[in-house]
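Subject: Structure handover

Hello,

Here is the structure I promised to pass on. My notes follow below it.

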Amino acid sequence: MNKKKHLITIFASFLMASTVLAACGGDQTTDKPEQTKQAETEGDKKETKEEVVTGTDVAKQVAAYTDMMSELAVAKEGQEVDWDTVQQKYEAGLQKGIADFNPEFDQAIQAALSAGKNGEMEPIIAVQLADKTTQSYFYQIQKVLQQEAADALRNKKQNEVNFAFEQIKFLAEKIFIPTAEKRDSYYELSGDSSLVENINSGLSAQEEAIAAGNVEDFQVFLQVTDKSIFRSYYLAVKSYAEKMEAGAKEGKEKQELSIMQAEAWGFYQAIKGSLGGGDEAAAAQLEKLLTLNTTDPATIKAAETNALFAKTISGKIKGYYEKAPKLLAEKNIAEAKGSAMEGNMFLKMLQGQMTEKLGEEKTQAAFAEAEAWYNAIADNKPEDAKVSGSAVISTVDSLL
């Protein structure tokens with residue numbers, strides 16, 4: 001199979017899989033010769049990856065996070081947390097990196113740990129705020145590493161490509177996959193619909209692009225990996241909105257609902273910056289709904305959060321559906337393809353809402369048009385892209 005056909009096949013598998021999210025609910029990358037890489041076992045590859053990543057800031061920060069969570073986890077059993085130990089581990093292994101990258105993340109984590117220690121906040125709520133905000137930081141670091149890998153591949157600096165990409169895979173294994181597994185379980189996602197499968201397939205396709213020295217394909221598949229992780233956070237927020245509404249109807253105590261709200265808020269931190277580019281007002285309203293001291297969790301409704309997400313995500317889709325053809329007109333096919341894939345990965349996020357509101361047949365038709373649109377962009381056929389793109393946007397508009 002040639003590379004272009006392989007690209008289209010993987011793209012189709014992500015976009016055409018059918019899942020009714022709303023209807024469900026239950027809780028090579030080193031410098032070794034090619035022959036050597038092929039001879040390695042999976043266990044050897046894992047060991048090699050650990051060796052490459054050992055000593056990096058990413059590895060140290062993940063270790064600090066793991067140590068923190070080991071201590072914080074006792075709160076879930078009703079035991080007393082050693083907050084001083086947690087604070088020490090945070091300051092020693094994570095704070096500088098987080099504060100330098102995003103001071104707001106550091107402030108949120110520090111405030112949560114302080115409030116948990118002083119009794120100003122229920123320990124489990126403080127735990128969730130610290131946990132999910134740290135995960136949001138790791139997601140943003142992944143995005144930085146992806147760009148570093150792409151730049152190094154473009155400049156033919158193979159060692160730097162491999163080094164950055166091994167750290168991305170390390171973060172996927174330690175941070176993103178465990179979170180995605182929970183969303184797969186809750187929404188009963190499997191096969192091509194599975195977030196875990198999507199993340200792993202995106203990584204595998206990126207690795208193939210690295211082996212081929214193809215930066216264009218790498219950047220296209222980057223969107224598959226990145227937006228599949230993004231989608232896991234979006235679905236996490238969506239699921240907690242559903243759980244809060246159901247919990248309120250069941251008469252659950254506010255503390256239990258607040259724990260869910262804290263988790264939702266933390267996950268939202270990973271994606272809110274990007275969503276603001278789709279609809280700033282809707283993104284701000286989502287932030288307000290998920291903030292503990294501004295909204296009673298018992299008043300949160302799944303339909304409202306879904307509508308707000310539809311506004312923000314549809315805005316992102318429309319932006320990329322405008323951007324890709326413009327890039328094509330400028331003869332920048334490589335970036336046009338990346339933008340096209342990014343737009344369609346955002347479309348993938350609305351698949352559950354589309355299926356629920358429009359039905360299976362119309363949803364599949366929309367994704368078929370999305371695939372045709374991507375192919376038209378990739379093949380430099382602007383008139384074909386215009387027709388398919390209009391059909392997709394018409395469907396997206398019908399959700400609002």
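Helix H17 passes helix H18 in a left-handed crossing. Keep in mind that this is a predicted model.

First, the helix pair. H17 covers residues 360-378 and H18 covers residues 382-397. Their axes come within 8 Å and cross at roughly 150°. Angles over 145 degrees count as roughly antiparallel, so H17 is roughly antiparallel to H18. On the H17 side, the contact is made by Ala 366, Glu 369, Ala 370, Ala 372, Trp 373, Ala 376 and Ile 377. H18 contributes Asp 384, Ala 385, Ser 388, Gly 389, Ala 391, Val 392 and Thr 395. By class, the residues of this contact divide into 9 nonpolar, 3 polar and 2 charged.

Lys 337 sits in helix H15, residues 333-349. Its relative accessibility is 8%. The cut-off for buried is under 20%, so Lys 337 counts as buried. Its side chain makes a polar contact with the side chain of Glu 216, at 2.6 Å.

Lys 89 belongs to helix H5, residues 83-93. With a relative accessible area of 31%, Lys 89 is partly exposed. Leaving aside residues up to four places away in sequence, Lys 89 touches Ala 64, Asp 67, Met 68 and Leu 94. Tyr 65 is 24 residues from Lys 89 in sequence, and the C-alpha to C-alpha distance between them is 8.1 Å.

Best wishes

Methods: Residues are numbered from 1 along each chain as its sequence is written. This is a predicted model: local features need pLDDT of at least 70, side-chain atom pairs count only at pLDDT 80 or more; totals for chains, interfaces and linings use all residues. Side-chain values use heavy atoms; hydrogens and water are left out. Axes are lines fitted to C-alpha atoms, for helices over the stretch in contact, and angles run from 0 to 180 degrees between N-to-C directions. Helices (H or I, at least four residues) and strands (E, at least two) are DSSP runs, numbered from the N terminus. Angles under 35 degrees count as roughly parallel, over 145 as roughly antiparallel, 65 to 115 as roughly perpendicular and the rest as oblique. A crossing is left-handed if the near helix is turned anticlockwise from the far one by less than a right angle, and right-handed if clockwise. Contact means heavy atoms within 4.5 Å. Ala, Val, Leu, Ile, Met, Phe, Trp, Tyr, Cys and Pro count as nonpolar, Asp, Glu, Lys and Arg as charged, and the others, Gly among them, as polar. Buried means under 20% relative accessible area, exposed over 50%, partly exposed in between (1.4 Å probe, protein chains only). A polar contact is a pair of N or O atoms within 3.5 Å; within protein, one must be able to donate a hydrogen and the other to accept it, and residues adjacent in sequence count only if both atoms are side-chain atoms.
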